Amino acid sequence: MQALAVIFILFIFIVLLIAMAIIQIRMVGIKVKDFFTFIDANQKLDNLSNFAKKYDKMSPQEQVIYLAEAEKIFDSFDKIPETVWEDERDKYSKVLDTYKNIRVMRWNEAQTNALTTKKIKPKEMKME
């Protein structure tokens, strides 16, 4: 009987802690869903910051994947105040710089391809 009472008290204590955490998250102005998305994005940020070190050796497919994942991370981090993630600023900056470099490199390649590709004019339509 005493064990059941202890378990019940612990359960109530855990529920109160969770409720207090949710209230504190909301008081800061963060939605709970955004906070959990931020936690997931923070874990992905570690992986992308390691991956960013070798961006010049990425295949075009890897670059596209990197860009898509980085955009998801940026969206998640934008919803959270910077004071929450200040300690991750270096990793965030590294991923952002790599993101910018890949975007510029891909844009330059697209412009070069557009200039070097012969543009075929469609046959003119005859009006009757």
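Ser49 counts as buried at 5% relative accessibility, where buried means under 20% relative accessible area, exposed over 50% and partly exposed in between, computed with a 1.4 Å probe on protein chains only. Ser49 lies in helix H2, helices (H or I, at least four residues) and strands (E, at least two) being DSSP runs numbered from the N terminus. Leaving aside neighbours within four places in sequence, Ser49 is in contact with Lys91, Lys94 and Val95, contact being defined as heavy atoms within 4.5 Å. The model is a predicted one, in which local features need pLDDT of at least 70 and side-chain atom pairs count only at pLDDT 80 or more, while totals for chains, interfaces and linings use all residues. Residues are numbered from 1 along each chain as its sequence is written, and side-chain values use heavy atoms, with hydrogens and water left out.

The protein chain as a whole has 4 helices and 0 strands, and its pattern along the sequence reads α-α-α-α. Of its 128 residues, 21% count as buried. Among the contacts between residues at least 6 apart in sequence, 72% join residues that are at least 24 apart.

Two packed helices are described by the angle between their axes and the distance between the axes. In this model the axes are lines fitted to C-alpha atoms, for helices over the stretch in contact, and the angles run from 0 to 180 degrees between N-to-C directions. The axes of H2 (residues 32-51) and H4 (residues 89-116) come within 9 Å and cross at roughly 55°. H2 and H4 are therefore oblique to each other, given that angles under 35 degrees count as roughly parallel, over 145 as roughly antiparallel, 65 to 115 as roughly perpendicular and the rest as oblique. H2 passes H4 in a left-handed crossing; a crossing has this hand if the near helix is turned anticlockwise from the far one by less than a right angle, and is right-handed if clockwise. On the H2 side the meeting residues are Leu45, Asp46, Leu48 and Ser49, and on the H4 side they are Lys91, Tyr92, Lys94 and Val95. The residues of this contact of H2 with H4 divide into 4 nonpolar, 1 polar and 3 charged, with Ala, Val, Leu, Ile, Met, Phe, Trp, Tyr, Cys and Pro counted as nonpolar, Asp, Glu, Lys and Arg as charged, and the others, Gly among them, as polar.

Glu88 is buried, with a relative accessible area of 12%.

The packing of H2 with H3 has an angle of about 140°, with the axes 9 Å apart, and this crossing is likewise left-handed. From H2 the contact involves residues including Phe38, Ala41, Asn42, Leu45 and Phe51, and from H3 residues including Tyr66, Ala70, Ile73 and Phe77. By class, the residues of the contact of H2 with H3 divide into 9 nonpolar, 3 polar and 3 charged.

H3 and H4 pack at about 135°, their axes being 10 Å apart, and that makes H3 oblique to H4. H3 passes H4 in a left-handed crossing. Among the residues that make the contact are Tyr66, Leu67, Ala70, Phe74 and Phe77 of H3, together with Tyr92, Val95, Tyr99 and Ile102 of H4. The contact of H3 with H4 has 13 nonpolar, 2 polar and 4 charged residues.

In soluble globular proteins, nonpolar side chains tend to be buried together. A nonpolar core is here a set of buried Ala, Val, Leu, Ile, Met, Phe, Trp, Tyr and Cys residues joined through side-chain atoms within 4.5 Å. The largest such core has 20 residues, of which Tyr66, Ala70, Phe77 and Val95 touch the most other members. H2, H3 (60-78) and H4 each supply at least two residues of this core, and the largest share, 6 residues, comes from H3.

Leaving aside neighbours within four places in sequence, Tyr66 is in contact with Leu48, Phe51, Ala52, Met58, Val95, Thr98, Tyr99 and Ile102. Phe77, which lies in H3, counts as buried at 1% relative accessibility. Phe77 and Phe35 are 42 residues apart in sequence, and their C-alpha atoms are 9.3 Å apart in space.
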